[in-house]
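Take a look at the structure, then try each task before reading on.

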Amino acid sequence: MSQIKDPSLASQGETRIQWVMRYMPLLAALEREFLQTKPLAGKKVAVSVHLEAKTARLCRFLQAGGATLAVTGSNPLSTRDDIAAALVASGIEVFAAYGATPQEYEDHLKQTLAFGPDLIVDDGGDFLSLLQGELSHLADNVIGGCEETTTGVLRMRARDRDGSLAFPMLAVNDAACKHLFDNRFGTGQSVWDAIMRSCNLVIAGQCVVVGGFGHCGLGVAEKARGLGARVIVTETDPVRALEAHMQGYMVMPMADAAPLGDLFVTVTGDCEVIGVQHMEAMKDGAILANAGHFDVEIDVAGLRAMAVSHAPLRNNIESYVLPNGKTLCLLAEGRLVNVGAGDGHPAQIMDLSFALQALGLLYLLENRDALGKHVYDLPRALDDRVARMALEANGVRIDALTPKQAAYLGHA
């Protein structure tokens, strides 16, 4: 039985879902196909993704394809209680609540998996960790799963390398139509939307430090520069650091950037990108935000331990007074700022990503006998299909190779 905060919010949530549906034409097109073929009939699908309106559209789509669903959120601060209520009203089991404690959050994950899924949609690897650990008795029934995030892909590739992966996983995050658009354009826009909404401060002329220059960090840095900020990039990967340098960004270690930054955004997928030693060197009033999946990139525990006092300043902003008298401002408790303090990625971006997820689940079903217990990339043909659908939805036409051109390139 579902466990949500307030069922009476269903109509409010439905209004939000109907809004984003207007801007998700790819799922609408695939839904028309899935309604006829019912490829997920008789299958149980567990979903752990940021539980907001775009995710609800994905869940409704999977339901239309014949699946039975159990759904939870992938971050306590990104769950929208009205969306959870709307999904329950449409016959989907939901275990999630905004502001859940760490224990409640873990319980929701376990309750979602308890119905014994055939397929999983994971975000950050939380499902995978439970199915490889405490709930390993459920793993034998899992045909496979799709992973949405860079962090989750890193975790499951590590399991693949040591031979401990219990079932096939698709690295949907690594598909071109995911990381080129979701990670770059989606993260870039949604992070700054959340920061500006929370702080109501000008970005132009400020010194912004971006920790990490992967696809997400590139998007954050690009948007910051577009807003008029002076941007510093910190990196550990020499190739990415060189790329940032060649794009005109200042590149330096975090220790050197710490005294210079007005606003810091971490986007690495790793822990303690900003540590206590960095925070001690920061300006009075520096603002800290994290755009990586888990709340470990900023050493929040270290910040709390060394602070002499802390207090809320605005919604989603807490101030921490350090022993040296300086005040640092932490956004969204150090959790994903774009979903903890904002509405997440735009609908059109998530339409691309969720179309890939949907086709990924279908691929796992159709190829279940051929796939071993490994991590697989999404086939390029599915990437191309989603891209062509998106171009068509936007009224864009492109050239096609002639037979002679295809032969010349060795495609014939």
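Helices (H or I, at least four residues) and strands (E, at least two) are DSSP runs, numbered from the N terminus. This is a predicted model, in which local features need pLDDT of at least 70, side-chain atom pairs count only at pLDDT 80 or more, and totals for chains, interfaces and linings use all residues. Residues are numbered from 1 along each chain as its sequence is written, and side-chain values use heavy atoms, leaving out hydrogens and water.

**Exercise 1.** Classify the pair of phenylalanine 181 and phenylalanine 185.

Step 1: Rings of Phe, Tyr and Trp (its six-membered ring) pair if their centres lie within 6.5 Å; planes under 30 degrees apart count as stacked, over 60 as edge-to-face and the rest as tilted. By this rule there are 4 aromatic pairs.

Step 2: With 6.4 Å centre to centre and 20 degrees between the planes, phenylalanine 181 and phenylalanine 185 are stacked.

Step 3: About one helical turn separates phenylalanine 181 and phenylalanine 185, because they are 4 residues apart in helix α8 (residues 176-199).

**Exercise 2.** Classify the pair of phenylalanine 213 and tyrosine 249, then decide whether each residue is buried or exposed.

Step 1: The ring centres of phenylalanine 213 and tyrosine 249 are 5.6 Å apart and the planes stand at 65 degrees, so this pair is edge-to-face.

Step 2: Buried means under 20% relative accessible area, exposed over 50%, and partly exposed in between (1.4 Å probe, protein chains only). Phenylalanine 213 has a relative accessible area of 1%, so it is buried. Tyrosine 249, at 4% relative accessibility, is buried too.
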